[in-house]
Amino acid sequence: NLSPSYPSSLCYKLKCSYAAASCHSASIVEESFEYLDAPVERIAGADIPMPYAANLERLAVPQIEDIVRAAKRTCYRSVP
């Protein structure tokens, strides 16, 4: 079970973007719904084959800015 202070944003750097994140998100919602203050949000990579070039890889996987933006949305903070 999750405590009320457990973050409900999940971040995954996966090739199969939403598959594992959806399983974990469902578990959080099913087991700890009463503790959540906001909907669970999945932050995952683009649904594309993982590129080899570093500049393209940065576009394909979640970056720090994406995670911060989602955390602020979850905490009901304004997001630019």
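**Salt bridges and the rest**

Analyst: Let's start with a charged pair: Asp 66 and Arg 69 form a salt bridge, with 3.2 Å between the closest N and O atoms. A salt bridge here is a side-chain nitrogen of Lys or Arg within 4 Å of a carboxyl oxygen of Asp or Glu.

User: Ok, and how far apart are Asp 66 and Arg 69 in helix 3?

Analyst: Asp 66 and Arg 69 sit three residues apart in helix 3, so about one helical turn separates them. Side chains of opposite charge can pair when their charged atoms come close.

User: How many salt bridges turn up in the whole structure?

Analyst: The search of the whole structure finds two. Arg 73 pairs with Glu 41, and their closest N and O atoms are 2.3 Å apart. That pair links distant parts of the chain, 32 residues apart: Arg 73 is in helix 3 (residues 64–74) and Glu 41 is in strand 2 (residues 41–43). Arg 73 counts as partly exposed, at 41% relative accessibility.

User: Before I go on, what kind of model is this, and from where are residues numbered?

Analyst: It's a predicted model, where local features need pLDDT of at least 70, side-chain atom pairs count only at pLDDT 80 or more, and totals for chains, interfaces and linings use all residues. Residues are numbered from 1 along each chain as its sequence is written, and side-chain values use heavy atoms, with hydrogens and water left out.

User: What's the mean pLDDT of the chain?

Analyst: The mean is 75, and 71% of the residues reach 70 or more. pLDDT is the predictor's confidence in each residue, from 0 to 100. Where pLDDT is low, the predicted coordinates should not be read in detail.

User: Switching topic: in what order do the elements run?

Analyst: From the N terminus they go β-α-β-α-α, which gives three helices and two strands. Those are DSSP runs numbered from the N terminus: helices are H or I with at least four residues, strands are E with at least two.

User: And where does Ala 21 lie?

Analyst: Ala 21 lies in helix 1 (residues 17–32) and is buried, with a relative accessible area of 0%. Its C-alpha is 9.2 Å from that of Glu 41, 20 residues apart along the chain.

User: What about His 24?

Analyst: His 24 is also found in helix 1, but this one is partly exposed at 40% relative accessibility.

User: Last one: how much of the chain counts as buried?

Analyst: Of its 80 residues, 25% count as buried.

How values were computed
Buried means under 20% relative accessible area, exposed over 50%, partly exposed in between (1.4 Å probe, protein chains only).
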